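Thanks for coming. I will go through one structure today, and I will keep it short.

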Amino acid sequence: MKIIIGSLNPAKTRAVEEAFSNYSSSFLYLDVPSGVSEQPFSDDETIRGAINRANLALEQGEGNIGIGLEGGVQKTEHGLFLCNWGALVEKNQPPIIGGGARILLPNVIAERLLAGEELGPVMDDFSKKENVRKNEGAVGIFTNGLINRADMFGHVMKLLVGQYEYRNKQGV
Ligand SMILES: O=P(O)(O)OP(=O)(O)OP(=O)(O)OC[C@H]1O[C@@H](n2cnc3c(O)ncnc32)[C@H](O)[C@@H]1O
Ligand SMILES: [Mg+2]
C-alpha cells in the first residue's frame, strides 16, 4: 500500500508511519500547499487545509491513500485554542476526518497571533528554541512535554486509520 503524506514535517511524518506500522506500506512525503492561510484561524479553515493536502498528496504521489495534517487556531469565548486536524483520502471516497486534542494558548501568544504573526516563529521566539513546530510543538511546550506534537498527531492518525479500517470492513 502506497501512502502519500502532504508534509515533510517530522512531527507529522513520524505520527503517520507509526499509525500504519501494522501495514506493509511504503511512504512518500510531498511538500504540497495547504491552499489555506499559513496560519489557519478556524476549525473550518484548518480542516480544509488538511483535506487539500491529502487530496494533492494522493494526486501527485499516485498512491492508495493521501494524508493531510494541519495545525491552526480557533477563537472561542474562552480564548484562542490550538486546533489540529487530519484527513485521509482514498480515490472516489469522501475524506475521513479526525481532530486533535486542544489547549488554550496563553494570552501573550494569542495576542501575537491576533496581530498577524504565525505560531511557528512565535513559539521559537517565546521558548528561545529553534523549530519548535518540528519537535515538541506548542502543545509540548505548554503541557510541560507530557504531550508533544507527534503524540498529538499520532492520536489524530489513530482516529483516521481506525475509521479507514471500519469503512473498508463495512464496505460503506
Ligand atoms: O511543514 P508543514 O506541514 O506545513 O508543518 P507546519 O509546522 O507549518 O504546520 P502547519 O502548517 O500544519 O501549521 C499551521 C501553522 O501553525 C503553526 N503551528 C501549528 N501547530 C504548532 C505547534 O504545535 N507548534 C508550533 N507551531 C505550530 C505552524 O508553524 C504554522 O504557522
Ligand atoms: Mg505550514
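Which residue in β5 is the bridge partner of Leu88? It is Ile96. Before I go on, note that this is a predicted model.

Let me stay with the strands. β4, residues 79-89, and β5, residues 96-99, pair in the antiparallel sense over four bridges. Their hairpin has six residues between the strands, and one of the residues to look at there is Asn92, which takes a positive phi near 60°.

On its other pairing, β4 meets β3, again in the antiparallel sense, here over 11 bridges. If you want a pair to find on the screen, take Gly68, whose bridge partner in β4 is Ala87. β3 and β4 also form a hairpin, with two residues between them. As for burial, nine of the 11 residues of β4 are buried, so the rest of the structure largely encloses this strand.

Next, helix α6, residues 149-170. With 22 residues at 1.5 Å a residue, the helix should span 32 Å, and its end C-alpha atoms are 32 Å apart, so the two agree. The buried residues in α6 include Arg149, Asp151, Phe153, Met157 and Val161. What covers the buried residues of this helix? The cover includes α1, β3, β4, β5 and α5.

Now the ligand. Ligand 1 is surrounded by 19 residues, and the closest are Ser7, Gly71, Gly120, Arg133 and Gly137. By type, the shell residues split into six nonpolar, seven polar and six charged.

Last, an annotation. UniProt, in an unreviewed entry, places the feature "binding site" at Glu62 and Gly63. Glu62 sits in the loop between α2 (43-61) and β3, and Gly63 lies in the loop between α2 and β3 as well. Are these two buried or exposed? Glu62 has 9 C-beta neighbours inside 10 Å, and the limit for exposed is 12 or fewer, so Glu62 counts as exposed. Leaving out residues up to four places away in sequence, Gly63 touches Lys2, Ile3, Ile4, Leu28 and Leu58.

That is what I have for today.

How values were computed. Residues numbered from 1 in each chain as written. Chains lettered and ligands numbered in written order. Predicted model: local features only at pLDDT ≥ 70, side-chain atom pairs only at ≥ 80, totals over all residues. Near = placed C-beta within 6 Å. Nonpolar A, V, L, I, M, F, W, Y, C, P; charged D, E, K, R; others polar. Expected span 1.5 Å × (residues − 1). Buried ≥ 20, exposed ≤ 12 C-beta atoms within 10 Å, placed from the backbone. Contact = placed C-beta atoms within 7 Å. UniProt positions renumbered as here; feature names shortened; annotations may be inferred. Pairing = 2+ DSSP bridges.
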